[in-house]
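Me: Please walk me through this fold. Keep it brisk.

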Amino acid sequence: MRSSCQSSCAAPASTPLSNGSPPSQSCVVALASGVWQIVVCDHGLPNFSSTEALRVVRETGLDIPFVILSGTIGEEAAVEPLKAGVRDVVLKTNLARLGPVVDRELREAENRRRQEHLESERAELQTSLRH
């Protein structure tokens, strides 16, 4: 049996959680147990919303792209999650978009990490030049 978090968050290659913990706690444990590149979350899970999953992911402080997969979310309802930090919403009726969305988000996340690294190096150089 998979926990709600495992059903909503694409897990790294690991054993699915089935410890009976609340979904948000299971998600915290899963996020801490591996290196995550992306989270693909089902919007319509019982007892664990995509909004709650996004909150759990954001609380880690990690830059992990978050994509909602839904068969029920409408265009108007998708606006709030996008404003809250969801990177994209893919409808289950258009799964052909999922691969390109995942590829794009992984690329953009790598670009953000690279940019942060370069900015950090630049700051270190400026500091060392001042001394």
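**Sheet and helices**

Reply: Strand β2 (residues 66–70) runs parallel to β3, and four bridges join the two. Strands here are DSSP runs (E, at least two residues), and helices are H or I runs of at least four, numbered from the N terminus. Two strands pair if DSSP finds at least two bridges between them. This is a predicted model: local features need pLDDT of at least 70, side-chain atom pairs count only at pLDDT 80 or more, and totals for chains, interfaces and linings use all residues. Residues are numbered from 1 along each chain as its sequence is written, and side-chain values use heavy atoms, with hydrogens and water left out.

Me: Which residue in β3 does I68 stand opposite?

Reply: Look along β2 and β3, which run parallel. Opposite I68 stands V89.

Me: About what angle does the direction of helix α5 make with that of β3?

Reply: Helix α5 (residues 98–130) packs on the sheet and touches β1, β2 and β3. Touching rests on contact, meaning heavy atoms within 4.5 Å. Axes are lines fitted to C-alpha atoms, for helices over the stretch in contact, and angles run from 0 to 180 degrees between N-to-C directions. For α5 and β3 the angle is about 165°.

Me: In what order do the three strands form the open sheet?

Reply: The pairing is parallel. The edge strands, β1 (39–42) and β3 (88–91), each pair on one side only. The order is β1-β2-β3.

Me: What percentage of the residues count as buried?

Reply: Buried means under 20% relative accessible area with a 1.4 Å probe, protein chains only. The protein has 131 residues. The buried share is 32%.

Notes. Buried means under 20% relative accessible area, exposed over 50%, partly exposed in between (1.4 Å probe, protein chains only).
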